[in-house]
Amino acid sequence: TRYHFAEEEALLAACAYPDLEEHRAVHAAMVAEVAAMRRRHGADPASVTAAETLDFLSGWLMRHIIGKDLRYRPYAEGHEAG
């Protein structure tokens, strides 16, 4: 995830995406939320279920791709970095 986010953010920087900082903040929040889940699981494995993890990740990714990533498409299309 961190690798993907770094690559995506590099693309957005190369394409001069005007909402890059907001996009970075959304990525950072997701990484922090996953880290919190990992800590919770480390402290008590039964406190984090597979269903909860799948629901979180699939929901987040769908909302992020549809709600955020599609916004930078016009900046990336036709750009050599895109």
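Tutor: Let's start with one term: a salt bridge is a side-chain nitrogen of Lys or Arg within 4 Å of a carboxyl oxygen of Asp or Glu. Keep in mind that this is a predicted model.

Student: Okay! Which residue does R24 form a salt bridge with, and how far apart are the closest N and O atoms?

Tutor: R24 pairs with E9, and their closest N and O atoms are 3.6 Å apart. R24 lies in helix α2 and E9 in helix α1, so the pair ties together parts that are 15 residues apart in sequence.

Student: Are those two buried or exposed? I mean E9 and R24.

Tutor: E9 is buried, with a relative accessible area of 15%. R24 is partly exposed, at 31%.

Student: Which residues are linked in a network of salt bridges?

Tutor: E9, E21 and R24 are linked that way.

Student: How many salt bridges are there in the whole structure?

Tutor: A search of the whole structure finds five. One of them joins K68 and E22, with the closest N and O atoms 2.9 Å apart. K68 lies in the loop between α3 and α4 (73–76) and E22 in helix α2, so this pair ties together parts that are 46 residues apart in sequence. E22 is partly exposed, with a relative accessible area of 35%.

Student: And what does E52 form a salt bridge with?

Tutor: E52 pairs with R40, and the closest N and O atoms are 2.7 Å apart. This pair links distant parts of the chain, since E52 is in helix α3 and R40 in helix α2, 12 residues apart. E52 counts as partly exposed at 28% relative accessibility, and R40 is partly exposed too, at 34%.

Student: Let's look at E8 now. Where is it?

Tutor: E8 sits in helix α1 (residues 2–14).

Student: What is the nearest side chain of opposite charge to E8, and how far away is it?

Tutor: That is R24, 9.7 Å away. A salt bridge needs the nitrogen within 4 Å of the carboxyl oxygen. E8 is buried yet has no salt bridge.

Student: So which residues is E8 in contact with, leaving aside its neighbours within four places in sequence?

Tutor: E8 is in contact with H23, H27, H64, D69 and Y72.

Student: Changing topic: how many helices and strands are in the chain?

Tutor: The chain has four helices and zero strands. Reading along the sequence, you get the pattern α-α-α-α. The radius of gyration is 15 Å, well over the 12 Å that the globule rule gives for 82 residues, so the chain is more spread out than a compact globule.

Student: What does the C-alpha trace span along its principal axes?

Tutor: The trace spans about 50 × 20 × 15 Å. G42 and E77 are 42 Å apart in space, C-alpha to C-alpha, and 35 residues apart in sequence.

Student: Where do D44 and G42 sit?

Tutor: D44 lies in the loop between α2 (20–43) and α3, while G42 is in helix α2. D44 counts as partly exposed, at 40% relative accessibility. G42 is exposed, with a relative accessible area of 62%.

Student: What share of the residues in the chain count as buried?

Tutor: Of the 82 residues, 26% count as buried. The accessible surface comes to about 5,600 Å², and 60% of that belongs to carbon and sulfur atoms.

Student: Which residues form a nonpolar patch on the surface?

Tutor: The patch is formed by L57, L61, M62, I65, I66 and L70, with about 540 Å² of accessible area together. Take L57 as an example: it is found in helix α3 (residues 50–67), and L57 is partly exposed, with a relative accessible area of 32%.

Student: Last one! Among contacts between residues at least 6 apart in sequence, what percentage join residues at least 24 apart?

Tutor: In this chain, 63% of those contacts do.

Methods: Residues numbered from 1 in each chain as written. Predicted model: local features only at pLDDT ≥ 70, side-chain atom pairs only at ≥ 80, totals over all residues. Heavy atoms only, no water. Patch = residues over 30% accessible without salt bridge, like charges linked within 9 Å, V, L, I, M, F, W, Y side chains within 5 Å. Areas by Shrake-Rupley, 256 points an atom, 1.4 Å probe, with all protein chains shown as cover. Helix = DSSP H or I, 4+ residues; strand = E, 2+ residues; numbered from the N terminus. Buried < 20%, exposed > 50% of the residue type's maximum accessible area, 1.4 Å probe, protein only. Rg over C-alpha atoms; globule rule 2.2 N^0.38 Å. Contact = heavy atoms within 4.5 Å. Lys, Arg positive; Asp, Glu negative; His and termini not counted.
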